[in-house]
Amino acid sequence: MTVTSESNTVFPRGLEGSSYTDPAVYAHELEHIFAKTWQMVGHQSQVAEPGQILTAKVGSEGVIVANDNGTVNGFYNVCQHRGHELIPTDSSGSEPLEALTTSGLAGTSHSSITCPYHAWSYNLGGNLIHARGEKVGDICVPPVRVETMAGFLFVNLDPDAPSLADTIPGVEDKLLAIAPDASERVFSYRRTHEINANWKIAVENYNECYHCPNVHKAFSAGVVTPASYRIHPYGNTIHHTAEAPSADKVAYERSGAEDANDYGSFFTWPVSSIQCYPGRVLNTFRWVPLSVDRTLLLREWWFANSEPTAEQMEIIELDWDTTVSEDFELMDSVQRGVSSRGYRPGPIINDPSGVATVHSENSVSHLHGLWREAMAGNTSGG
Ligand code: FES
Ligand SMILES: [Fe+2]
């Protein structure tokens, strides 16, 4: 459905309220979106050495990525005996509940994973190697696909999906142009927040800056130049660009990379984004759906060093206290609004150029298009 503005621009309408509130829609999404698309789970530096293990969530599914003697494997985090998680984690999937010590996995050199329930053990390819001395035949945990983009690890549960490179063509080159050492970065810091809203409300909020002048004063005034903000939706990618303000107006010290003043963010449908702040400050967003109306945000930072410096911590805290947390109450409020009998899908303000600025939100209708396609069973794997 569309609506015509006074200037005769045709604005598409947003999604129906039930898209954000109906558990049956959410179940369909898990099947048709989260089980078929590439989702970022971390960085290759986290599994660079033989024996290193990473856990994560892909939609509602727990996965393990492990370096087995130099080969990086992905498989479900599910014991093939009676279904215990091989490595129990928190709700983000990224923090093992135990420090991997009880099953002998402490440190960074693990040769096997032992299920905490009945102590069956598996090698880092997901093959059962020991069932308490019983002969139970060849058993292997179902694999998942793992591919990388500029060093970041993505997982796809669909064996028939197109490759990551075919899904988001050109993104790696564009990211490396503003973050040339992305592949060498390491995990430095993670902060999480549970949003009381459907995952689409979170990624719609992230992908438009129509609200920035009204809500994000620090971002608008101190990280980028608002007039230069552009959001380019294409295929499975939403590419945000902006210029940095001059050094005397910037909200933080951009030491070390005087030639690296561009802001770029590469959102990959449906729930991953890699972002580079001026000064080559590399950070990511992951959104993990917990239920139809709850979403966990993982905000992660990737520096050359594994412990943020005091200066890096200042950037992390400034970002969280302003740009990131300023959105929390907005998203929770939108969830309450779209749950109301009084909600009608409104016009989405699209710029005729197809590129959004701080005065338009083309990227939101682009997301709605991707969602409709995927829910109709026409996903392109992105
Ligand atoms: S469920 Fe894993 S060993 Fe029994
Ligand atoms: Fe925001």
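Mentor: Two strands pair if DSSP finds at least two bridges between them. Strands (E, at least two residues) and helices (H or I, at least four) are DSSP runs, numbered from the N terminus. The model is predicted, so local features need pLDDT of at least 70 and side-chain atom pairs pLDDT 80 or more, while totals for chains, interfaces and linings use all residues. Residues are numbered from 1 along each chain as its sequence is written, and chains are lettered from A and ligands numbered from 1 in written order.

Trainee: Which strands stand at the edges of the open sheet of six strands?

Mentor: The pairing in this sheet is antiparallel, and the order is β3-β11-β10-β6-β5-β4. A strand at an edge has a single partner, so one of its sides is left without a neighbour in the sheet. That applies to β3 (39-43) and β4 (53-58).

Trainee: Where is the cis peptide bond that ends at proline 270, and what is its omega?

Mentor: Most peptide bonds are trans. Proline 270 is in the loop between β15 (262-268) and β16 (272-277). The cis bond runs from tryptophan 269 to proline 270, with omega near 5°.

Trainee: Asparagine 69 is not a glycine, so what is its phi, and is the residue buried or exposed?

Mentor: Most residues other than glycine have a negative phi. Asparagine 69, in the loop between β5 (61-68) and β6 (71-76), has a positive phi of about 50°. A residue is buried if 20 or more other C-beta atoms, placed from the backbone, lie within 10 Å of its own, exposed if 12 or fewer, and partly exposed in between. Asparagine 69 has 10 such atoms within 10 Å, so the residue is exposed.

Trainee: What is the phi of arginine 132?

Mentor: Arginine 132 is in the loop between β9 (128-130) and β10 (143-149). The residue is exposed, with 10 other C-beta atoms within 10 Å. Although arginine 132 is not a glycine, its phi is positive, at about 55°.

Trainee: How far apart are the end C-alpha atoms of helix α10?

Mentor: Helix α10 covers residues 362-375, which is 14 residues. The expected span is 1.5 Å times one less than the number of residues. That gives 20 Å, and the end C-alpha atoms agree, being apart by 20 Å.

Trainee: Which elements do the buried residues of α10 pack against?

Mentor: The buried residues of α10 include Leu367, Leu370 and Trp371. Contact here means C-beta atoms, placed from the backbone, within 7 Å. The packing partners are β2 (10-12), α2 (23-34), α5 (199-206), β13 (230-234) and β14 (237-243).

Terms used: Two residues are in contact if their C-beta atoms, placed from the backbone, lie within 7 Å.
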